Amino acid sequence: MTSRDPAPGTTPATDTTRGGRVLGRLGLGLAGVLATLVGMAAGHLVASLLIPASSPVLAVGSAVIDATPTPMKEWAIRNFGSNDKVILIGSVMVVVLLVSSLAGFLARRRLAYGAGFLVLLVAVAATAALTRPTAGLEDAVPSLVAAIAGVLALGVLIRAGQGLPVLPRRSPAPKPAVSPEVARGLRAPDEPAPQPAGASRRGVLIAGGVLAVLAGAMGGVGRFINSYRSRPEDIALPTPSSPAPPLPTGLESKIKGITPLRIANADFYRVDTRLDTPVLSAGDWTLTIDGDVRNQLELTFDDLLGMELIERDITMTCVSNSVGGPYVGAARWLGVRLTDLLDMAGVGDQADQILSTDFDGMKISTPLDLATDGRDAMIAIGMNGTALPREHGFPARMIVPGLYGFISGTKWVTKLTLTTYAAETAYWTDRKWATDAPIKISTRIDLPRALQMLQPGKQTVGGVAWAQQRGGIEKVQVRIDGGAWEDATMGPDVNSDYWRQWYYEWDATSGQHSVSARAISGNGEEQSAVQMLPFPEGSSGIQNILVNVS
């Protein structure tokens with residue numbers, strides 16, 4: 001017997017080298033990846049039943065968002081648009097899976113090494129989930145399940161590569177050693193000599209296939225549960241005490257390609273730091289108003305429904321919107337006046353900001369003087385005639401006309417704290433964004449598209465413009481090839497807080513042409529031609545596109 005032979009009466013359960021030869025280098029790496037996928041899917045499934053944001057991938061992704069420098073965030077938004085979160089989640093998964101391939105190589109030496117490495121990876125996700133502002137111990141449950149599922153899957157693959165049964169069996173009692181001559185005498189003459197159990201590539205493929213199907217099934221069920229829990233609640237909104245006038249007919253009825261006067265809920269832009277859609281119940285939701293107030297309040301959703309509601313047509317704009325960008329939208333909002341709520345609480349004489357907090361602890365600061373200067377600021381509960389969609393802040397969110405959303409549009413809001421900028425700071429101010437950021441006058445060219453091929457003759461240039469709290473939009477002017485500014489034909493004027501459609505008829509000639517547009521507000525202020533990036537107070541500049549006429 002050589003030093004490499006197992007002791008008499010023992011099983012070759014620790015012969016991982018043989019398993020490594022069967023799996024191969026690529027197979028070992030794939031074993032680690034597949035085990036991690038099983039763990040991720042199991043954790044995602046459990047998170048869908050508990051707290052969706054505690055899913056290991058989402059928890060790590062959210063931590064990455066918080067840690068990403070502002071210039072990189074803005075670069076991602078400019079280049080990837082509404083797909084930035086999908087790309088982020090995909091990037092996190094790719095990195096995790098590449099790193100997790102090491103678990104297979106470590107398990108080749110000893111399963112405990114590979115299992116320990118997987119547990120270390122999951123510990124990172126658990127830490128990310130537990131460091132969220134409102135996290136509790138239950139947020140670690142999905143990561144714990146992911147660790148258990150991943151380790152079990154890795155053990156199945158490694159044992160299959162060693163030719164061992166998936167579930168370990170109790171070793172039989174050792175038999176007395178006998179000499180080869182005696183052993184031959186105990187066998188029938190035609191009985192073949194017993195062969196040691198060998199690793200089976202077929203067994204590895206079967207085990208891998210079963211685990212892959214299991215991971216896909218768990219991930220699919222988790223997505224279904226999230227979708228089911230995210231369905232809208234059946235809420236009957238009351239008739240507003242102060243309804244908005246009927247919306248006029250927009251130019252979209254006669255100009256193809258121009259932005260509709262009102263954006264449907266499903267098409268409204270979404271920019272926030274969340275990778276999931278929060279699932280909150282109106283029945284469990286409350287709004288607390290505290291801080292520098294005489295009467296601390298806690299209001300339920302039914303309390304809001306019983307108050308005087310206002311309905312207003314308001315344009316919302318994200319500070320990350322570049323000149324001519326897509327992160328602007330107009331809708332009809334229903335809610336309670338913010339000043340009514342603050343009057344109930346009785347604001348003290350020290351506060352200069354409203355620090356609003358969402359259900360997950362994210363804080364946004366709004367200048368108190370701007371929120372209470374007579375504009376139609378509200379805690380909104382309805383959007384375009386229905387309850388707020390979950391992705392837009394259900395059960396309630398803040399709306400302050402004329403201010404970028406990062407200082408006024410808190411979604412899933414649960415608390416309003418009256419305080420000072422000196423005493424407390426918020427998420428975006430900690431990242432050096434402006435504290436006072438009124439929306440800048442701007443216009444966007446919807447048609448023609450940049451570099452579009454046009455036919456010579458009559459062509460229409462059109463788009464939307466906005467100038468909240470500046471008298472709205474008075475006029476839009478268009479310039480072709482750097483020539484004189486010409487007045488465009490204006491669409492309906494809804495109100496000063498709403499955008500306005502416009503169009504300009506142009507006699508296009510052959511060649512390449514530049515097309516520019518600028519807006520002028522109702523108080524006579526022109527759109528700035530100074531080019532600025534969104535950080536730290538919003539973009540500015542004149543949109544200019546090139547088109548080809550042939």
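**Entry 1. The chain as a whole**

I am working from a predicted model. I looked up the overall make-up before going to any detail. The protein chain has eleven helices and 19 strands. It holds 550 residues, and 50% of them count as buried. I then checked the contacts with a separation of 6 or more, and found that 75% of them join residues 24 or more positions apart.

**Entry 2. Helix 2 against helix 5**

I took up the packing of two helices next. Two packed helices are described by the angle between their axes and the distance between the axes. I looked up both for helix 2, residues 56-67, and helix 5, residues 111-130. Their axes come within 8 Å and cross at roughly 65°. Angles of 65 to 115 degrees count as roughly perpendicular, so I noted helix 2 as roughly perpendicular to helix 5. I recorded the crossing of the two helices as left-handed.

Which residues of helix 2 and helix 5 meet? From helix 2 I listed Pro56, Ala59, Val60 and Ala63, and from helix 5 Ala125, Ala128 and Ala129. I sorted the residues of this contact by type and got seven nonpolar, no polar and no charged.

**Entry 3. Phe268 and Trp333**

I went on to the aromatic rings. A pair of aromatic rings is described by the distance of the centres and the angle of the planes. The count for the model is eleven aromatic pairs. One that I looked up is Phe268 with Trp333, where the ring centres are 5.8 Å apart.

I then asked where the two residues sit in the chain. Phe268 lies in the loop between helix 8 (201-229) and strand 1 (286-291), while Trp333 is in strand 4, residues 328-337. The pair links distant parts of the chain, 65 residues apart.

Are Phe268 and Trp333 buried or exposed? Phe268 has a relative accessible area of 7% and is therefore buried. Trp333 is at 0% relative accessibility and also counts as buried.

Trp428 counts as buried at 16% relative accessibility, and Trp433 is buried with a relative accessible area of 5%.

Definitions and conventions:
Residues numbered from 1 in each chain as written. Predicted model: local features only at pLDDT ≥ 70, side-chain atom pairs only at ≥ 80, totals over all residues. Heavy atoms only, no water. Axes fitted to C-alpha atoms, helices over the stretch in contact; angles between N-to-C directions. Helix = DSSP H or I, 4+ residues; strand = E, 2+ residues; numbered from the N terminus. Parallel < 35°, antiparallel > 145°, perpendicular 65-115°, else oblique. Left-handed = near helix turned anticlockwise from the far one by under 90°. Contact = heavy atoms within 4.5 Å. Nonpolar A, V, L, I, M, F, W, Y, C, P; charged D, E, K, R; others polar. Phe/Tyr/Trp six-rings, centres within 6.5 Å; stacked < 30°, edge-to-face > 60°. Buried < 20%, exposed > 50% of the residue type's maximum accessible area, 1.4 Å probe, protein only.
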